[in-house]
Amino acid sequence: MSENMSIKRNILLNPGPSTTTDSVKYAQVVPDICPREKEFGGLMKGLREDLVKIVHGDLEKYTSVLFCGSGTINIDVCINSLLPEGKKVLIVNNGAYSTRAVEVCEYYGLPHINLTFPVDERPDLEVVEKTFKENPDIGLVHTTHNETGTGILNPIREIGEIAHRYGATFTVDTTSTYAMRPINIEEDNIDFLMASAQKGLMAFTGLSFVVGNRAIIEESANYPKRSYYCNLYMQYDFFERTGEMHFTPPVQTIYATIQALKEYWAEGEEAKWARHTRVFNAINAGLDELGFKQVIKPEERAGLVSSAIYPDDPNWDFEKVHDYCYERGFTIYPGKISTTNTFRLCALGAIDEDDIKEFFKVFRAALDEYKVQVPIVYNK
Ligand SMILES: *Cc1c(COP(=O)(O)O)cnc(C)c1O
């Protein structure tokens, strides 16, 4: 059926779920199957290995553990499962997604340090190091690679190096870089990273995964159990013994993800990152041409999310511009900074620079329709 039925192609410029290929969409359409059949279980092994290979992990040392949920489940799992008794969590926080990890600590009542930095700046590594010196009981450090709320790239390799020097485990939220911006789990000093199928892999929501150090997971069997459904060791152990997820997996999303992985390897890490970069450059060129200011300095952008500041123009109305674009197949997204009104354009998904050129024609027409002045007006 697949070849002859075409599905309307929407260009999603939101930070995930991302635009998918038709072949990935159709991969969900399979005969009904009980996920406890060997045939289905067999698919999981290759999938789990591929997820480790994407970040160049040695399969002896690193493994992946799958969960049924959106990306936030990974933050929950890592924080609640990887903190030894009597230790503290340090969150290196310069944005909304690291704040989510702080909230996880609060909900579980875990001792933690919320080390905050301005949302438009990289964390100061000297302050990070000083925090370790003053708190010898830090057992787990967490940060976000690409703060999707702004698009800033955080220095994970450097933070990981400090964490390891002080004997702490390092978890990184790579949800908005994984399978896009190249990562080498070992060289980047990461113990655990995470993502979900609907972002860089360009598949669907429902499958999330943690990739990390097998020895630490095994050690965590002795850490306090703080959640039943979201325990990393429990899910890992079940996989190791049975090859299956402990509870019902997202069957159709797994089929789609397997197809997405085939397409990932066919495109290749370098070519895929080059394509995202082309898209990102086209987004920035389009915003610059219209006179939009952005939150993050060009040299500190992770290359996937642009965060543009709202014009000081009485005619600017994000909702109206959004709806105009949406009706024409393009989705733009509000920002996630409490202090500045922004909107985001993201370079995720199965799109290329021509899509961005088309988008800017529509976006420009929307600005004209609502009489927003171009070049964009700012008061200061
Ligand atoms: C998308 C994203 C998540 C997951 O968000 P969900 O709404 O749970 O899918 C987590 N961290 C980062 C950095 C993200 O970009």
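## Basis

The model is predicted: local features need pLDDT of at least 70, side-chain atom pairs count only at pLDDT 80 or more, and totals for chains, interfaces and linings use all residues. Residues are numbered from 1 along each chain as its sequence is written, and side-chain values use heavy atoms, with hydrogens and water left out.

## Overall fold

The protein chain has 12 helices and 14 strands. Both are DSSP runs, numbered from the N terminus: helices are H or I with at least four residues, strands are E with at least two.

The radius of gyration of the protein chain is 21 Å, which agrees with the value near 21 Å for a compact globule of 380 residues. It is taken over C-alpha atoms, and the globule rule is 2.2 Å times the number of residues to the power 0.38. The C-alpha atoms fill a box of roughly 60 × 60 × 35 Å along the principal axes.

## Ligand site

The ligand sits in the largest pocket. A pocket is found on a 1 Å grid over the protein atoms alone, as an open set of points where a 1.4 Å probe fits, with protein on both sides within 12 Å along at least five of seven lines. To sit there, a molecule needs more than half of its atoms within 2 Å of the grid points.

The surrounding residues are S70, G71, T72, Y97, R100, T144, T148, D173, T175, S176, Q198 and K199. Each has a heavy atom within 4 Å of the ligand. This shell divides into 1 nonpolar, 8 polar and 3 charged residues. Tyr counts as nonpolar, Asp, Lys and Arg as charged, and Gly as polar.

## Polar contacts and cover

The protein covers 86% of the 380 Å² of accessible area that the ligand has on its own (Shrake-Rupley method, 1.4 Å probe).

## Backbone exceptions

Most peptide bonds are trans, and most residues other than glycine have a negative phi. G16 and P17 are joined by a cis bond, with omega about -10°. P17 is in the loop between β1 (11–12) and α1 (22–26). A cis bond also joins V374 and P375, with omega about -5°. P375 falls in the segment after α12 (353–369).

H56 has a positive phi, near 60°. Its place is the loop between α2 (38–53) and β2 (62–69).

Technical notes:
1 Å grid on protein atoms, 1.4 Å probe; cavity = no way out; pocket = protein on both sides within 12 Å on 5 of 7 lines; lining within 4 Å.
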